[in-house]
Amino acid sequence: MALYILDSCINCDMCEPECPNQAISMGEEIYEIDPNRCTECVGHYDKPTCVSVCPIDCIDPDPEHNEDHDTLMAKFLILTGKA
């Protein structure tokens, strides 16, 4: 499942540099996560780094992008050119 950033984001700039897939970027008002690039850090880390560094816990699973571990790993392999 990809992640998404809630409207309560305070634009602290902590999440964007931590994303190994470059899935996080500044949107019109708050940071946004590209679901096509988000692997929840599968292939990189044990848990999503954006969630770990967020000081206000405003990053949740995206219910519109329900993906299991195998799907996230496949996406990681494609993104890194290892597929």
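With which side chain does the side chain of lysine 75 make a polar contact? In this predicted model, local features require pLDDT of at least 70 and side-chain atom pairs count only at pLDDT 80 or more, whereas totals for chains, interfaces and linings use all residues. Residues are numbered from 1 along each chain as its sequence is written, and side-chain values use heavy atoms, with hydrogens and water left out.

The partner is the side chain of glutamate 67, at 3.0 Å; a polar contact is a pair of N or O atoms within 3.5 Å, one able to donate a hydrogen and the other to accept it within protein, and residues adjacent in sequence count only if both atoms are side-chain atoms. Lysine 75 also forms a salt bridge with glutamate 67 (a side-chain nitrogen of Lys or Arg within 4 Å of a carboxyl oxygen of Asp or Glu). A search of the whole structure finds one salt bridge. Both residues of the pair, lysine 75 and glutamate 67, are buried (under 20% relative accessible area, 1.4 Å probe, protein chains only), the value for lysine 75 being 13%. Lysine 75 lies in helix 2, residues 69-79 (a DSSP run of H or I, at least four residues). Beyond four places in sequence, lysine 75 touches Glu67 as well as Pro35, Asn36, Arg37, Cys38 and Thr39 (heavy atoms within 4.5 Å).

The largest nonpolar core comprises 16 residues, being a set of buried Ala, Val, Leu, Ile, Met, Phe, Trp, Tyr and Cys residues joined through side-chain atoms within 4.5 Å. Ile5, Cys15, Ile24, Ile33 and Ile59 have the most contacts inside this core.

Definitions and conventions: Buried < 20%, exposed > 50% of the residue type's maximum accessible area, 1.4 Å probe, protein only. Helix = DSSP H or I, 4+ residues; strand = E, 2+ residues; numbered from the N terminus.
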